[in-house]
Amino acid sequence: MSSTQEDIIWTIKINKRMDEAVQKVLYQLGYKSKAEFTREAIREFLIRRKLFSLLGGDVFIPRSFELTPENALNALIAQLEKLPSDVLKEEVETARIEVEKELLDDG
Amino acid sequence: MDKRKKNAIKSVIFDCNVWITDFLKKESELRNKITNNKYQVILTSYMVVEILRVLKRLSIRLSISYTELETHFWEICSFNYIKTDFKEPFTESLISEVRCIPEFKIIAKILDLEVKDVPYLVATFQHTAILVSNDLRSLIDKRNLIEKNLGIKIQTTTEFLASFK
């Protein structure tokens with residue numbers, strides 16, 4: 001990877017055991033360099049943190065459900081229709097901007 | 001060949017606004033058209049995060065538990081016409097989807113779009129789907145340019161419904 005004026009070089013001191021562990025991961029997962037692995041690992045960590053701030057935690061897809069999709073749909077609609085449509089639109093707009101800022105803005 | 005084409009399942013992607021205000025409502029014409037015709041609604045991990053974030057915000061407005069709304073959403077995803085384009089663990093799928101931020105930014109810049117629209121365009125392209133959006137300011141405003149460059153068809157909910165008549 002060539003450097004640009006916007007790039008910053010990190011120098012990180014790590015112990016031998018960590019270095020060995022990273023070398024093992026590079027070998028097993030096919031990363032081209034420690035820098036590539038570190039960048040990806042940090043990025044993954046940040047996405048997890050950002051997901052936490054958006055949704056209050058990691059997202060888990062439930063394995064079993066209490067309601068049929070039909071009943072769940074009716075239950076969700078019953079809640080949403082308590083709010084005026086302009087509120088729904090406003091919240092959609094705000095949520096989309098928040099998700100964009102957290103997940104698609106890498107600075 | 002024509003008969004096969006006629007019976008083929010078509011894919012559609014709804015933007016978050018369409019999901020919340022047109023699909024998740026009582027007596028939804030959009031839902032009726034989807035269920036009565038051979039359509040599958042594609043959902044990617046990025047789209048799910050947007051919808052869940054809206055539900056989280058709405059749960060605060062309604063003073064109810066977010067978990068309740070989130071669970072209903074996942075239950076709804078088990079309709080056979082909804083195709084989820086992600087796997088467990090969900091976060092891994094999301095990381096794969098949003099790792100191409102530089103590419104997303106380039107696409108947004110070329111087409112003069114907001115970056116948040118790009119995951120929708122990428123998914124629409126990947127699934128050879130129709131994108132339904134009511135975002136007049138961005139996607140709808142730029143749709144001719146998008147169709148010309150990427151071959152992606154974008155319709156408003158009204159236009160999508162009119163196509164069944």
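1. In which helix of chain A is confidence lowest, and in which is it highest? The mean is lowest in helix 2 of chain A, at 89, and highest in helix 3 of chain A, at 97. The score is pLDDT, the predictor's confidence in each residue, from 0 to 100. Helices (H or I, at least four residues) and strands (E, at least two) are DSSP runs numbered from the N terminus. For chain A the mean pLDDT is 90, with 94% of residues at 70 or more.

2. This is a predicted model, in which local features need pLDDT of at least 70 and side-chain atom pairs count only at pLDDT 80 or more, while totals for chains, interfaces and linings use all residues. Residues are numbered from 1 along each chain as its sequence is written, and chains are lettered from A and ligands numbered from 1 in the order in which they are written.

3. Chain A is assigned domain 1 (1-57) and domain 2 (61-107); such bounds come from an automatic or database domain assignment. The centres of the two domains, taken over C-alpha atoms, are 32 Å apart. Four residues of domain 1 of chain A are in contact with four of domain 2 of chain A, contact meaning that C-beta atoms, placed from the backbone, lie within 7 Å. On the domain 1 side, two of these residues are nonpolar, one is polar and one is charged. Here Ala, Val, Leu, Ile, Met, Phe, Trp, Tyr, Cys and Pro count as nonpolar, Asp, Glu, Lys and Arg as charged, and the others, Gly among them, as polar.

4. The contact between the chains takes 40 residues from chain A and 38 residues from chain B. On the chain A side, helix 2 (34-55), helix 3 (69-80) and helix 4 (85-104) each supply at least two residues. Helix 4 of chain A has the largest share, 14 residues. By class, this side has 25 nonpolar, three polar and twelve charged residues.

5. In chain B, strand 1 (residues 10-14) pairs in the parallel sense with strand 2 (residues 39-43) over three bridges; pairing requires at least two DSSP bridges. Ser11(B) has Gln40(B) as its bridge partner in strand 2 of chain B. Strand 1 of chain B also runs parallel to strand 4 (residues 130-132) of chain B, again with three bridges, and Phe14(B) is partnered there by Val132(B).

6. Leaving aside neighbours within four places in sequence, Val54(B) is in contact with Glu91(A), Val92(A), Ala95(A), Cys16(B) and Ile20(B).

Definitions and conventions:
Two residues are in contact if their C-beta atoms, placed from the backbone, lie within 7 Å.
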